[in-house]
Amino acid sequence: MKMVLLFNVVGFGIMIMLTFILVKGPQRVTAVAPLSIMRQVIRTKSVEFMPFTLSFFLTLCATAWFFYGFFVKDMYIAVPNVLGFLFGIGQMILYMIYKDGNKKD
């Protein structure tokens, strides 16, 4: 338990703290959730911030984890990945709708 606490809580906390201390201004990387990216795509009508390959492979990953959870009869793995699959499909549909957004303007 001490090792889990040390590596997961303290180690991660140190990485976050160093990121905020050492990286300033526009170079700071912000983590954006997929749902907020979908919102930004709809608002700007541009897929500039949502690469198709990332959405595609995240959908494949969710599918693989779903089937793993299904075959080992672990619904705690299978059920959340149904949502991952649906959100991935939603991202790819948004990409297809707005992929020519910049060409019209």
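Student: Of the contacts with a separation of 6 or more, what share comes from residues 24 or more positions apart?
Tutor: That share is 61%. Keep in mind that this is a predicted model.

Student: OK. How many helices and strands does the protein have?
Tutor: Five helices and zero strands. Along the sequence the pattern reads α-α-α-α-α.

Student: And what percentage of the residues is buried?
Tutor: Buried residues account for 18% of the 105 in the protein.

Student: Which residues make up the largest nonpolar core?
Tutor: There are seven: Ile 37, Met 38, Val 41, Val 47, Met 50, Leu 94 and Tyr 98.

Student: Which elements give two or more residues to that core?
Tutor: Helix 2, residues 34-44, and helix 4, residues 75-98. Helix 2 gives the most, with three residues.

Student: Which domains does the core draw on?
Tutor: Domain 1 (1-46) and domain 2 (48-104). Each supplies at least three residues.

Student: New topic. How do helix 3 and helix 4 cross?
Tutor: Their axes come within 8 Å and cross at roughly 155 degrees. Helix 3 is therefore roughly antiparallel to helix 4, since an angle over 145 degrees counts that way.

Student: Is the crossing left-handed or right-handed?
Tutor: Helix 3 passes helix 4 in a left-handed crossing.

Student: Show me a residue there. Where does Thr 59 lie?
Tutor: Thr 59 is in helix 3, which covers residues 52-71.

Student: Buried or exposed? Why does Thr 59 count that way?
Tutor: Thr 59 counts as buried because its relative accessibility is 4%, and buried means under 20%.

Student: What does Thr 59 touch?
Tutor: Leave out residues up to four places away in sequence. Thr 59 then touches Phe 85, Gly 88, Ile 89 and Met 92.

Student: How far is Thr 59 from Asn 81?
Tutor: The two are 22 residues apart in sequence. In space, they are 9.1 Å apart, C-alpha to C-alpha.

Student: What about Phe 87? Where is that one found?
Tutor: Phe 87 is in helix 4. Phe 87 counts as partly exposed because its relative accessibility is 40%.

Student: Which residues is Phe 87 in contact with?
Tutor: Leu 35 and Met 38, leaving aside neighbours within four places in sequence. Met 38 also belongs to the largest nonpolar core.

Student: And how far apart are the C-alpha atoms of Phe 87 and Ser 55?
Tutor: They are separated by 9.0 Å. Along the chain, Phe 87 and Ser 55 are 32 residues apart.

Student: Switching to loops. Where is Lys 45 found?
Tutor: Lys 45 sits in the loop between helix 2 and helix 3. Its phi is positive, about 55 degrees, although Lys 45 is not a glycine.

Student: What is phi of Lys 73 near?
Tutor: Phi of Lys 73 is near 60 degrees, also a positive value in a residue other than glycine. Lys 73 is in the loop between helix 3 and helix 4.

How values were computed:
Residues are numbered from 1 along each chain as its sequence is written. This is a predicted model: local features need pLDDT of at least 70, side-chain atom pairs count only at pLDDT 80 or more; totals for chains, interfaces and linings use all residues. Side-chain values use heavy atoms; hydrogens and water are left out. A nonpolar core is a set of buried Ala, Val, Leu, Ile, Met, Phe, Trp, Tyr and Cys residues joined through side-chain atoms within 4.5 Å. Buried means under 20% relative accessible area, exposed over 50%, partly exposed in between (1.4 Å probe, protein chains only). Helices (H or I, at least four residues) and strands (E, at least two) are DSSP runs, numbered from the N terminus. Domain bounds come from an automatic or database domain assignment. Contact means heavy atoms within 4.5 Å. Axes are lines fitted to C-alpha atoms, for helices over the stretch in contact, and angles run from 0 to 180 degrees between N-to-C directions. Angles under 35 degrees count as roughly parallel, over 145 as roughly antiparallel, 65 to 115 as roughly perpendicular and the rest as oblique. A crossing is left-handed if the near helix is turned anticlockwise from the far one by less than a right angle, and right-handed if clockwise.
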